Amino acid sequence: MTDKPVTTYVVSVFEKPHRRTVLTTKDKEKAFALDKEIGDKVRIEETTPKPKWR
């Protein structure tokens, strides 16, 4: 299998000091649109799984 790993964008919304809501999407533009819509206390992280070598 030579599938490329897909980047996932994790949008974290910090509602309270020890609580957060996590939204995930594979579309970068949608992640930044969510960020603009929600406002402050938002963090966007990119995660790409590493390919497994055998």
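The following is a chat about the fold of one predicted chain.

User: What kind of model is this, and how are its residues numbered?
Analyst: This is a predicted model, in which local features need pLDDT of at least 70 and side-chain atom pairs count only at pLDDT 80 or more, while totals for chains, interfaces and linings use all residues. Residues are numbered from 1 along each chain as its sequence is written, and side-chain values use heavy atoms, with hydrogens and water left out.

User: OK, which pattern does the chain follow along the sequence?
Analyst: Read along the sequence, the pattern is β-β-α-β, with 1 helix and 3 strands in the chain; helices (H or I, at least four residues) and strands (E, at least two) are DSSP runs, numbered from the N terminus.

User: And why is the chain described as more spread out than a compact globule?
Analyst: Its radius of gyration is 14 Å, well over the 10 Å that the globule rule gives for 54 residues, so the chain is more spread out than a compact globule. That radius is taken over C-alpha atoms, and the rule is 2.2 Å times the number of residues to the power 0.38. Along its principal axes, the C-alpha trace spans about 45 × 25 × 10 Å.

User: Back to the strands: in what order do they lie in the sheet?
Analyst: The 3 strands form an open sheet in the order β2-β1-β3, with antiparallel pairing, where two strands pair if DSSP finds at least two bridges between them. Because β2 (19-25) and β3 (42-47) stand at the edges, each with a single partner strand, one side of each is left without a neighbour in the sheet. From one strand to the next, the twist averages 25°; axes are lines fitted to C-alpha atoms, for helices over the stretch in contact, and angles run from 0 to 180 degrees between N-to-C directions.

User: How many bridges join β1 to β3, and which residues pair up?
Analyst: Strand β1 (residues 8-16) is joined to β3 by 6 bridges, the two running antiparallel; valine 13 has valine 42 as its bridge partner in β3, and valine 10 stands opposite glutamate 45 in β3.

User: What about β1 and β2?
Analyst: Those two pair in the antiparallel sense over 7 bridges, and a hairpin joins β1 to β2 through 2 residues. Lysine 16 stands opposite arginine 19 in β2.

User: Where does the helix go?
Analyst: Helix α1 (residues 28-38) packs on the sheet and touches β1, β2 and β3, its direction making about 170° with that of β3; contact here means heavy atoms within 4.5 Å.

User: New topic: is serine 12 buried or exposed?
Analyst: Serine 12, which has its place in strand β1, is buried, with a relative accessible area of 1%. Buried means under 20% relative accessible area, exposed over 50%, and partly exposed in between (1.4 Å probe, protein chains only).

User: Which residues does serine 12 touch?
Analyst: Not counting residues up to four places away in sequence, serine 12 touches Arg20, Thr21, Val22, Lys41, Val42, Arg43 and Glu45. A polar contact of 3.2 Å joins the side chains of serine 12 and arginine 20; such a contact is a pair of N or O atoms within 3.5 Å, where within protein one must be able to donate a hydrogen and the other to accept it, and residues adjacent in sequence count only if both atoms are side-chain atoms.

User: And lysine 52, buried or exposed?
Analyst: Lysine 52, found in the segment after β3, is exposed, with a relative accessible area of 80%. Its C-alpha atom and that of proline 5, 47 residues apart along the chain, are separated by 10.0 Å.
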